[in-house]
Amino acid sequence: VYKSSGDYTVTLSLLNRQKGVEYPSSIEENAVIILDLPDAEFTYSEVSLKYDDNTLKYPYTEFSIKGKDKENTYNWIFGNGMKSTSINAKTIYKKAGSYDVTLVATNSNGCINKKTTNIVVKNSAKVFAENAFTPNGDGTNDYFLPKAVQDWDVKFKMTILNKSGKVVYETSDKNSPWNGKLNNTGQLMPYGYYLWELITYDADEIPQRHKGQIQMLEK
C-alpha cells in the first residue's frame with residue numbers, strides 16, 4: 001500500500017538459502033507511479049446567517065471545495081434530494097437539521113476521491129404561514145399574510161384562490177394582507193379553506209415558490 005503519491009523505485013533481491021547464494025538485485029526506477037487524488041474536502045456556509053436570518057432573500061447554503069481544480073469534475077449529493085455538478089455549488093434546505101453531503105471528485109487521470117460530511121443547517125426556508133385566521137374585526141388574527149414576508153425585506157407576490165382555483169386576491173405589498181374579502185373589498189368570502197401561493201424573489205431575482213392552505217373561520 002502506497003500512502004502518498006509519487007514515483008517509486010522497486011528493488012527485488014534473491015537469496016538461495018540452501019546454497020547460500022545471493023544473486024544480484026534487480027532495480028527498476030519509477031516502477032510504480034502513484035497519482036494524486038483530487039481534493040474532496042469542502043466547507044459550507046448558510047448565507048442567511050449573514051443577513052439577519054432572511055432565508056427568503058438569501059435561501060442558499062453554499063459549498064466551496066478547499067483545493068478546487070477547473071480540470072476536475074465534481075458531483076454533489078446534498079442530502080435533500082438535490083444534486084449538482086458545479087465547482088461552487090449551492091442548494092436550498094427547506095427544513096433546519098442535519099444532512100449528509102457527499103462530494104465525488106474525479107481528476108483528469110481518472111482518479112476518484114469521495115468525501116461525505118454531516119452538516120447542520122440552522123435556518124429553514126419557511127414562510128411561517130398561519131393555517132387559519134378570523135377576519136371578524138376583533139383586532140386579533142384578522143388578516144392573512146405569511147409572517148416571514150411581513151418581517152423580512154423581500155420582494156414577493158401572494159395569490160389567494162378558492163377551491164375551484166379562482167383568484168380572489170393578489171398582493172405584493174406587505175402592508176396589504178388579505179382581509180377575507182374578494183379583492184379586499186365588499187362582503188367576506190364564504191368561510192372555509194382557501195389556497196395560497198407565494199412567490200418570493202431572492203437576492204439574485206430568482207423566484208422561489210411556496211404554497212399551502214388557509215382556513216377562514218368565523219371566530
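1. A quick definition to start: two rings of Phe, Tyr or Trp (for Trp, the six-membered ring) make an aromatic pair when their centres lie within 6.5 Å. Keep in mind that you're looking at a predicted model. Counted that way, there are 13 aromatic pairs here.

2. Take Phe144 and Trp196 as one of these pairs. Their ring centres are 6.2 Å apart and their planes meet at 50°, so the pair is classed as tilted. Phe144 belongs to the loop between strand E10 (132-133) and helix H1 (147-151), while Trp196 is in strand E13 (residues 192-201), so the contact ties together parts that are 52 residues apart in sequence. Phe144 is buried, with a relative accessible area of 1%, and Trp196 counts as buried too, at 6%.

3. Strand E13 also holds Tyr194, which pairs with Trp178 from the loop between strand E12 (167-171) and E13; this pair therefore ties together parts 16 residues apart in sequence. The geometry is edge-to-face, with 5.2 Å from centre to centre and 70° between the planes. Both partners are tucked away: Trp178 is buried at 0% relative accessible area, and Tyr194 is buried at 4%.

4. Now for a group of rings. Have a look at Phe42, Tyr44, Phe63, Trp76 and Phe78, which form one aromatic cluster.

5. Lysines get in on the ring contacts as well. Lys90 has its charged end over the ring of Tyr60, 4.1 Å from the ring's centre. Over the face of Tyr201 you'll find Lys155, at 4.9 Å from the ring centre.

Methods
Residues are numbered from 1 along each chain as its sequence is written. This is a predicted model: local features need pLDDT of at least 70, side-chain atom pairs count only at pLDDT 80 or more; totals for chains, interfaces and linings use all residues. Side-chain values use heavy atoms; hydrogens and water are left out. Rings of Phe, Tyr and Trp (its six-membered ring) pair if their centres lie within 6.5 Å; planes under 30 degrees apart count as stacked, over 60 as edge-to-face and the rest as tilted. Helices (H or I, at least four residues) and strands (E, at least two) are DSSP runs, numbered from the N terminus. Buried means under 20% relative accessible area, exposed over 50%, partly exposed in between (1.4 Å probe, protein chains only). A charge sits over a ring if NZ of Lys or CZ of Arg is within 6 Å of the ring centre and within 35 degrees of the ring normal.
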